[in-house]
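Please find below a note on the model under review.

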Amino acid sequence: MKQVFARPKSLKPAATHYCPGCGHSIIHRLVAEVIDELGIQERTIGVPPAGCAVLAYNYFDVDMGEAPHGRAVAVATGIKRVLPDRVVFTYQGDGDIAAIGTAESIHAANRGEKITAIFVNNAVYGMTGGQMAPTTVPGLVTTTTPGGRQVNRDGAPLDLTQMLAVAKGAVYLERVAVSDPKHIRQAKKAIKKAFQVQLDGLGFALVEVLSACPTNWKMDSITAWQWVKDSMTKDFPLGVIKDETGYDAGPETEAGDDR
Amino acid sequence: MTKKLMRGSHVLGEAAVLAGCRYYFGYPITPQNEVPEYMSRRLLEVGGTFIQAESELASINMVIGAAMAGGRVMTSSSSPGISLKQEGISYLAGQELPAVIANMIRGGPGLGNIAPSQSDYFQATRGGGHGDYRCIVLAPASIQELADMTLQAFDLADKYRNPVMILGDGMMGQMMEPVTFPEPVDPAKLPEKDWVLDGAKDRPQRIILSMLLDPKILEAHNYKLVRKYDAVRENETAWEMTDCDDARLVVAAYGTAARIAGGAIRRVRQRGLKVGLFRPKTLWPFPAKPLEELSHRVRHILTFELCAGQMVEDVQLAVKGQAEVKLYGRPGGVIPTPEDVAHQISHYYYGAHLDEEGPGGGA
Ligand SMILES: Cc1ncc(C[n+]2csc(CCOP(=O)(O)OP(=O)(O)O)c2C)c(N)n1
Ligand code: SF4
């Protein structure tokens with residue numbers, strides 16, 4: 001019988017610690033599928049963040065080096081500069097890449113570091129218990145925004161990916177969501193392209209993935225994922241934010257992986 | 001081998017390159033800007049990588065990445081910048097990564113000034129960042145020693161998989177002295193590191209981390225570090241004693257202060273005072289044992305530091321109350337002359353009636 005579903009080689013047979021309904025597991029799977037499809041498992045080095053995905057090294061079956069909170073792209077820069085023929089990716093939350101690590105992201109992008117950043121935007125600080133993130137949308141209640149985020153009190157959500165677009169060395173930036181099969185397929189396409197950009201030595205590539213944190217949003221999974229589609233995308237519209245790859249169309253991804 | 005006349009900051013850079021360092025990540029701060037400037041040119045010549053990072057935070061994290069990938073890597077800065085690097089240095093220690101960090105100390109606290117200082121002694125020798133760890137800390141007192149210690153720093157870092165800090169100051173950076181360099185190390189011929197992240201090809205995945213959530217596992221890791229630090233203490237502690245055989249008073253000083261103290265001691269010796277110099281070459285590990293042994297014979301120790309008094313605590317701990325320990329500390333970047341120090345020595349010497357003692361000066 002033809003096998004139609006299997007665990008990607010680049011993902012270990014481990015149960016994750018993520019909450020039910022969390023987007024991190026889906027995004028891990030997409031990254032692992034891309035690594036498999038590109039045949040780069042043996043030369044890929046990942047840099048997990050401080051954040052809910054801190055234990056990503058227990059799930060990805062590639063070399064992994066832990067970074068301090070916010071510094072993943074700087075650590076990845078160091079690795080890539082020593083081993084330019086390896087594939088280096090970071091996996092970072094919104095607090096990690098868009099608050100404490102803002103300076104590192106902008107400058108790594110501006111230098112055109114040949115690394116791939118996966119930026120998981122779930123609008124809160126998951127790991128530390130649901131505080132406000134730079135990407136928390138107005139009205140969302142977090143443990144540090146009583147009554148919901150108020151722009152005049154707490155500031156407006158920050159669109160880091162849009163900011164990165166002005167950095168000359170950033171060649172490919174796209175915002176996707178993993179809210180339903182159609183969007184998951186698009187997310188995978190974007191992730192694959194962001195790795196391809198690195199393989200082709202073009203410069204800095206980042207995919208922002210809108211994700212749900214049902215636990216800290218205090219929503220059930222269904223409501224949370226609907227909320228990603230209905231509310232988050234208002235402040236963070238999906239689509240290509242910058243593409244200077246010169247690729248005609250994104251490299252093909254396999255059909256039928258909408259799970 | 002020919003002697004060259006070079007300034008300290010260039011010697012630091014050149015010695016690093018000769019040691020096989022091919023990666024430098026830094027951020028400008030006076031008084032060590034000549035180091036990144038030199039490295040930007042020199043690493044280009046040898047096919048290395050220089051990045052002027054956006055901050056000290058970024059640069060130390062690039063150091064972490066380069067070390068993970070197996071490169072011989074270095075950064076340098078001065079006090080405020082070293083403070084910013086501390087989180088990263090703690091990670092280097094926790095993740096057991098080799099790296100060399102030079103601190104050309106300037107006057108503090110805060111922005112302070114750019115004058116030579118030794119006020120970062122505590123920060124360097126007590127870890128500096130968070131957690132239970134130590135950096136190996138080397139304190140050169142001449143340009144030749146700066147070259148030698150820089151080379152040694154990379155070997156120590158690799159041998160113990162631990163960050164090594166070189167402590168200097170603006171005076172050390174600017175000073176020009178003749179220096180002889182050894183043959184260059186070919187980075188390709190360095191012993192292979194069997195722990196680096198270079199892609200899991202024909203081997204299982206490798207993970208480099210410092211987060212160990214289970215207290216028992218973190219405790220075991222910390223004890224492993226303790227054993228490593230014990231071995232460093234045992235094998236690498238270095239110091240120098242000058243004119244200590246007949247001394248009734250010994251000056252304890254390192255780095256630039258030791259140079260000034262040396263001049264002061266020559267002066268007071270001409271005046272018949274029996275004074276020696278105890279100079280730690282490693283600040284961590286501190287040469288406590290030899291100093292303790294010395295304190296059985298010499299009952300008076302004057303600690304001279306370019307700060308309000310930090311190493312003096314290690315001196316006191318070392319001599320275990322067997323000798324009187326006094327401090328001559330000059331904070332704020334003030335550099336006393338050898339004559340100033342000679343005056344302090346004489347004051348102490350005659351005040352304690354050391355001129356009246358019998359041979360050996362034993363109390
Ligand atoms: C220097 C430092 N400051 C703060 C923290 C605590 N911390 C860990 S993860 C995190 C934020 C996590 O949020 P995010 O990056 O959005 O990732 P998520 O957990 O939501 O996936 C914080 C504040 C830390 N580890 N280090
Ligand atoms: S707290 Fe949120 S981001 Fe973290 S694992 Fe749970 S659902 Fe996912």
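**Note on the ligand site, the sheet and the aromatic contacts**

1. The site of ligand 1 is shared between chains, because residues from both chain A and chain B surround this ligand. The model is a predicted one, in which local features need pLDDT of at least 70 and side-chain atom pairs count only at pLDDT 80 or more, whereas totals for chains, interfaces and linings use all residues. Residues are numbered from 1 along each chain as its sequence is written, chains are lettered from A and ligands numbered from 1 in the order in which they are written, and side-chain values use heavy atoms, leaving out hydrogens and water.

2. Ligand 1 is surrounded by 17 residues, a residue being counted if one of its heavy atoms lies within 4 Å of the ligand. The closest are Cys52(A), Asp94(A), Gly95(A), Asp96(A) and Gly126(A).

3. Chain B contains an open, mixed sheet of seven strands in the order β3-β2-β4-β5-β7-β6-β13. Strands are DSSP runs of E of at least two residues, and helices are runs of H or I of at least four, numbered from the N terminus; two strands pair if DSSP finds at least two bridges between them. The edges are β3 (49-52) and β13 (282-284) of chain B, each pairing on one side only. Strand β6 (residues 136-138) of chain B runs antiparallel to β13(B), to which two bridges join it; Leu138(B) stands opposite Thr282(B) there.

4. Over all chains there are ten aromatic pairs (ring centres within 6.5 Å; planes under 30 degrees apart are stacked, over 60 edge-to-face, the rest tilted). The rings of Tyr121(B) and Tyr254(B) lie at 40° with centres 5.7 Å apart, so this pair is tilted. Tyr121(B) belongs to helix α5 (residues 121-125) of chain B and Tyr254(B) to the loop between β11 (249-252) and α9 (255-270) of chain B, so the pair ties together parts 133 residues apart in sequence. Tyr121(B) is buried at 0% relative accessible area, and Tyr254(B) is buried at 2% (buried means under 20%, with a 1.4 Å probe and protein chains only).

5. In chain A, ring pairs link Phe60(A), Phe89(A), Tyr91(A) and Phe195(A) into a cluster.

Note on methods. Rings of Phe, Tyr and Trp (its six-membered ring) pair if their centres lie within 6.5 Å; planes under 30 degrees apart count as stacked, over 60 as edge-to-face and the rest as tilted. Buried means under 20% relative accessible area, exposed over 50%, partly exposed in between (1.4 Å probe, protein chains only).
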